Amino acid sequence: MSVSPRKSTRRSTAKPADVSTESLLSQYRMMLLIRRFEEKAGQLYGMGLIGGFCHLYIGQEAVVTGLQSLAQDNDCIVTSYRDHGHMLAAGMDPKGVMAELTGRSGGYSRGKGGSMHMFSREKNFFGGHGIVGAQVPIGTGLAFAQRYRGEDGVTYCYLGDGAVNQGQVYESFNMAALWKLPVVYVIENNKYGMGTSVERSSASVELYKRGQAYGIPGMQIDGMDVVHVQQQAAPMVADVRAGKGPCVLELQTYRYRGHSMSDPAKYRSKEEVSRMRQEHDPIDNAKVLLLKSGAVDEAALKEIDKEIKAIVGEAADFAQASAEPDATELFTDVLLEA
Amino acid sequence: MPISVLLPALSPTMTEGKIARWLVKEGDEVASGTVLAEIETDKATMEVESVDDGTMGKILVEAGGDPIPVNTPIALILAEGEDASALDAAPKAEAPKAEAKPEPEPKPEAKPEPKAEAKPAPRAESVSANVPVGALDSNSPLHITESAFSTDDPVTEPEPAFAKSAPMTVREALRDAMAEEMRRDKDVFLMGEEVAQYNGAYKVSQGLLDEFGAQRVIDTPITEMGFTGLGVGAAMSGLKPIIEFMTFNFSMQAIDHIINSAAKTLYMSGGQLGTPIVFRGPNGAASRVGAQHSQCYASWYAHCPGLKVIAPYSASDAKGLLKAAIRDPNPVIFLENELIYGQSFEVPEDEDYVVPIGKAAIKRRGAHVTLTAFSRMVGVALHAAEELAKEGIEAEVIDLRTIRPLDLPTIVHSVKKTNRLVSIEEGWPYAGIGSEIVSLVCEYAFDWLDAPPLRVTGKDIPLPYAVNLEKMSLPEVADIVAAAKAVVAR
Ligand SMILES: Cc1ncc(C[n+]2csc(CCOP(=O)(O)OP(=O)(O)O)c2C)c(N)n1
Ligand SMILES: [Mg+2]
């Protein structure tokens, strides 16, 4: 079986077309929710309420928000350990996510998974994986199951610019192209894998071309602009949904915080970080568009800010009030009853 | 009420820190994300950002001082609409208890209301103090209650008799098991290298492509990590894949997905997400294929909670246990053996013939010594028992059939009768299955033992190629006879 590339592998250059304010407003809210949630998680970490590794998504909000705006109910999502934003964008309850971060019984995994390992059957969110790259064959398998059952869902399989050098990514690309599986590989290129820049880890830094050898079309998209993400990705995702096989999307983005909470991020300059924050912030970008549209004013945005803060505050309260898992939980959920 | 900014823990090990530099001054506007200060931690200098909007009201701890404990209030931020008079109501820069830990228990009076404050959760009681590891921890699934060792022989019950049986090879039995389960459940599919058009590298999947088609019998590229992870993903979404490894040696390419993605996910998801998947293929030494193609993985996989591990000997067990494995909602490792694929055994002809996972079988009764074995070694042990009988030693031969969960009651019951134990496996001795059996028997039947238990194992070397050396490396009848005599003589 051969697969001919249905579209060229390219960078997107199009200017975003007009977008409905309603859609933009809901994406603005989601990005803000993720941002405030992550800031709160950072704070709870600082207070010792969240332990271990905690990887924040601040700066990358437009990627998952823009892409999830294209999702339908039977789509699946799988990602790495930098997963809080994906869970919120998938519609999971901030309370359950935050309570898992604090290791409490009210968490999605009842405190047994932690920040990197959370799942929701109901929302088709399949983790949360701590092994760099492991989510890629798994996501390919989710897409395999969608095709096996003849559903029209697709799987969004998110991976980092560091993960993109794992061999299993290419094993997955090969099978997905060979069997035309409905999987959207989303490379979140935030420029660094821990302290190693893309330039220092990748012989070719044009990550959207990584599927080329398998005939998988790729596209590089500005991941700091939620409108752009949605509009550029839409036709690519539609092709995947239509049964034409996988695609690779490289979303150029940036994480503002360190790799995890304990990373002082000395491998990049302060100027680099502040330039991204000042000039490319996805939330500020959306805000400007919203204000320009005239549909909302500053006061309305303030109101939204307050609402979101309240949601996050409730999540944090819940995550602290929720009891630790009962001691009887220690040995449960190892095996299912046959 | 102004908002307290606390000295944050910026790594899992940080208990105190120094303020190196303030980046805002009193009266400055701050917003979420504004960098407030630089903190020196035990490892690095890091920035602290504001999580709130407002005005910097008061800096409580100046830069450059001594280290202060995590969670000490270091500044007060005035929320919108508040003025400086609100600062009076706020807490002083009072450090929490000196032994402030990453998991703090703040003094109630030091609580800067109402914003984020570490509320310790009600602490759950630990299961019990000083529980020993493994089986003796009464909450562990490995635990066996004393009543399981009652004087009733756990396996005296004969296995249910089936009206008709016919001779069949292990290879055919495995194929029939898969075919029957695929007929029964359309979510079951077979995937692996050469399983479809080639009918299996060892012809185990003979005819399955013809019957079930390419949608359900899937030839993969040579891509173990990829197709194993893909199978796990498919299982997470509810399909029931059978993943064939051409041999288990190649599962090492994929072991991350077997352990990290399949075995641990049910637990990590708090019980939400099971992975009903079977990994099967030939395991252990074949014949003259050298070290890289001749390893036993029983103890590797049996080590891991979240997996079941099966290693059948007879064709009837191969069929009945593979059917049970496919129906099981957990990840199951199913270890076959190439050298016995062609051996024939009587197999019940009933489609409902399923052998329960976790039950050993007593293949031969005897009063003098207990021999435990699995897979091909059961045959070798049975031969050894015949030899021993000629010398008046009656060996009881237990076919473990399932390695995890182990049927410990059957083993212990037998040892309490024979007072002697020899465990047999072709894998390496160090941390092998025999090590575990001996350890468990010592835990549960120490007082009944009349001699130290012995292990007969493959030699502690990569398997050699030369015919003579290979033969010397793997357990043979004579090795078992010698070990049995040694424990009986004591
Ligand atoms: C197989 C494996 N190797 C190494 C690690 C340690 N590790 C965790 S995250 C990470 C960097 C990954 O970077 P990237 O894929 O770019 O994702 P990002 O963190 O930027 O989202 C490394 C090396 C791991 N978790 N798994
Ligand atoms: Mg990265």
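Colleague: How far is an oxygen atom of ligand 1 from an N or O atom in the side chain of Asp161(A)?

Modeller: The distance is 3.1 Å. Please note that this is a predicted model, in which local features need pLDDT of at least 70 and side-chain atom pairs count only at pLDDT 80 or more, while totals for chains, interfaces and linings use all residues. Residues are numbered from 1 along each chain as its sequence is written, chains are lettered from A and ligands numbered from 1 in the order in which they are written, and side-chain values use heavy atoms, with hydrogens and water left out.

Colleague: Which residues are closest to ligand 1?

Modeller: The closest are Tyr81(A), Arg82(A), Gly162(A), Ala163(A) and Asn190(A), out of 15 residues that surround the ligand (a residue is near if one of its heavy atoms lies within 4 Å). For Asn190(A), a side-chain N or O atom is 2.9 Å from an oxygen atom of ligand 1. For His259(A), the corresponding distance is 3.4 Å.

Colleague: How much of the accessible area of ligand 1 does the protein cover?

Modeller: On its own, ligand 1 has 580 Å² of accessible area, and the protein covers 71% of that (Shrake-Rupley method, 1.4 Å probe).

Colleague: Changing topic, how many residues does each chain give to the contact?

Modeller: Chain A gives 71 residues and chain B gives 84 residues, where contact means heavy atoms within 4.5 Å. Together the two chains bury about 6,200 Å², with 60% of it on carbon and sulfur atoms. Buried area is the accessible area (1.4 Å probe) lost when two parts are put together, summed over both. In chain A, Met47(A), Tyr148(A) and Phe331(A) lose the most area to chain B.

Colleague: How many salt bridges cross the interface of chain A and chain B?

Modeller: Five are found there, a salt bridge being a side-chain nitrogen of Lys or Arg within 4 Å of a carboxyl oxygen of Asp or Glu. For example, Asp53(B) pairs with Lys309(A), and their closest N and O atoms are 3.4 Å apart.

Colleague: And how many are there over all chains?

Modeller: The search of the whole structure finds 41 salt bridges. One of them joins Lys95(A) and Glu314(A), with the closest N and O atoms 4.0 Å apart.

Terms used: A polar contact is a pair of N or O atoms within 3.5 Å; within protein, one must be able to donate a hydrogen and the other to accept it, and residues adjacent in sequence count only if both atoms are side-chain atoms.
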